[in-house]
Amino acid sequence: MSWVWTIAELFVLLALLLILGVGSAIFLEAFRRKCNHDQDQGDAQAVFEDPNSLKRVPCPWIFDPAEKYISLIIPAFNEEHRLPGALDETMSYLQQRAAKDKSFSYEVVIVDDGSGDGTNRVAFDFVKRYTIDNVRVILLGRNHGKGEAIRKGMLHSRGELLLMLDADGATKVNDLEKLENQRKWYRNFLMKGFHIVVLLTAGPGIRDTQCGFKMFTRAAARKLFTNIHLKRWCFDVELVYLCKHFCIPIIEISVNWSEIPGSKVNPLSIPNMLWELGLMSVGYRTGMWKIST
């Protein structure tokens, strides 16, 4: 029987080493991200490319005054086939509304998160059709993750309201009117997600976080997206955490949502989610991740 105990002890030792290794990796990555936004101020000097005039247009910065009523931020990673339909529907709605209401001004900011297909070509085609004043493209160069793509789009938007919208068209842009009807000047919006994770990490009060349809005021976005550290699936949970830290009220409403083929969320996403939740817990609990006001 002694050999049985030896094997059991070996498994226990291996498990302890694995836990220690993962814990150390999380701690080191959380430490590395403590200065995650040092490059952001440099990004404020970035430019957009205008494919029509071939001129460079300076990027706005989240601390600049708003120039548009609303900005729609669309993160896109390998969305060559789904993006055109979603953009056609979005632009049709925005143009019709602007024609009816002269005070309604808008921009669409497409953030290409290092796509390997023709996503950037599709995006620039829409810039050519609707001009760079209405449609702009940010190229991240390599894949960073949905959270980082959204963060970059928010930081370089001009709207008083900032709406995050998925590239697949699963939620309809005209649902933003529901948000406007529920909004007060100081409110932002978060919705859809995995309830248990939010309950454990960000506290009670939010049923959903993961749906790609979220609206923020410019003032709220300024506080949130200059502090967020997570880059992929769990950035929504960190947004909830930061909202509670800043006492930013959160409201949820129902929207029309459709399952669109081609989703990038799959069981293989679970390890990354757990990894990011570990980073978030270590980063904030140890005080490594400072929250600037």
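Student: In what order do the strands of the open sheet stand?

Tutor: Start with the general idea. Strands of a sheet pair through backbone hydrogen bonds, either parallel or antiparallel. In this predicted model, five strands form an open sheet, ordered β5-β4-β3-β6-β8. The pairing is mixed.

Student: Which strands stand at the edges?

Tutor: β5 (135-139) and β8 (213-217) do. Each has a single partner strand, so one side of each lacks a neighbour in the sheet. On average, neighbouring strands here are turned by 20° against each other, direction ignored.

Student: Take β3. Which strands does β3 pair with, and over how many bridges?

Tutor: Read each side in turn. With strand β4 (residues 106-112), β3 pairs in the parallel sense over seven bridges. With strand β6 (residues 159-165), β3 is joined by five bridges, and these two strands also run parallel.

Student: Is strand β3 largely enclosed or open?

Tutor: Look at burial, residue by residue. Buried here means under 20% relative accessible area. Strand β3 spans residues 68-76, and eight of its nine residues are buried, so the rest of the structure largely encloses this strand.

Student: What unit do β3, α3 and β4 make?

Tutor: Follow the chain from strand to helix to strand. β3, helix α3 (residues 83-100) and β4 make a β-α-β unit, and the unit is right-handed.

Student: At what angle do α3 and α4 pack?

Tutor: Compare the two axes. α3 and helix α4 (residues 119-130) pack at about 20°, with axes 11 Å apart. Angles under 35 degrees count as roughly parallel, and α3 and α4 are therefore roughly parallel to each other. The crossing of α3 past α4 is right-handed.

Student: Which residues make the contact?

Tutor: From α3, they are Leu83, Pro84, Leu87, Asp88, Met91 and Gln95. From α4, they are Thr119, Val122, Phe126, Arg129 and Tyr130.

Student: Back to the sheet. Which strands does helix α8 lie across?

Tutor: Helix α8 (residues 218-225) lies across β6 and β8. Its direction is at about 105° to β8.

Key:
Residues are numbered from 1 along each chain as its sequence is written. This is a predicted model: local features need pLDDT of at least 70, side-chain atom pairs count only at pLDDT 80 or more; totals for chains, interfaces and linings use all residues. Side-chain values use heavy atoms; hydrogens and water are left out. Buried means under 20% relative accessible area, exposed over 50%, partly exposed in between (1.4 Å probe, protein chains only). Helices (H or I, at least four residues) and strands (E, at least two) are DSSP runs, numbered from the N terminus. Two strands pair if DSSP finds at least two bridges between them. A crossover is right-handed if, with the strands pointing away from the viewer, the path from the first strand over the helix to the second runs clockwise. Axes are lines fitted to C-alpha atoms, for helices over the stretch in contact, and angles run from 0 to 180 degrees between N-to-C directions. Contact means heavy atoms within 4.5 Å. Angles under 35 degrees count as roughly parallel, over 145 as roughly antiparallel, 65 to 115 as roughly perpendicular and the rest as oblique. A crossing is left-handed if the near helix is turned anticlockwise from the far one by less than a right angle, and right-handed if clockwise.
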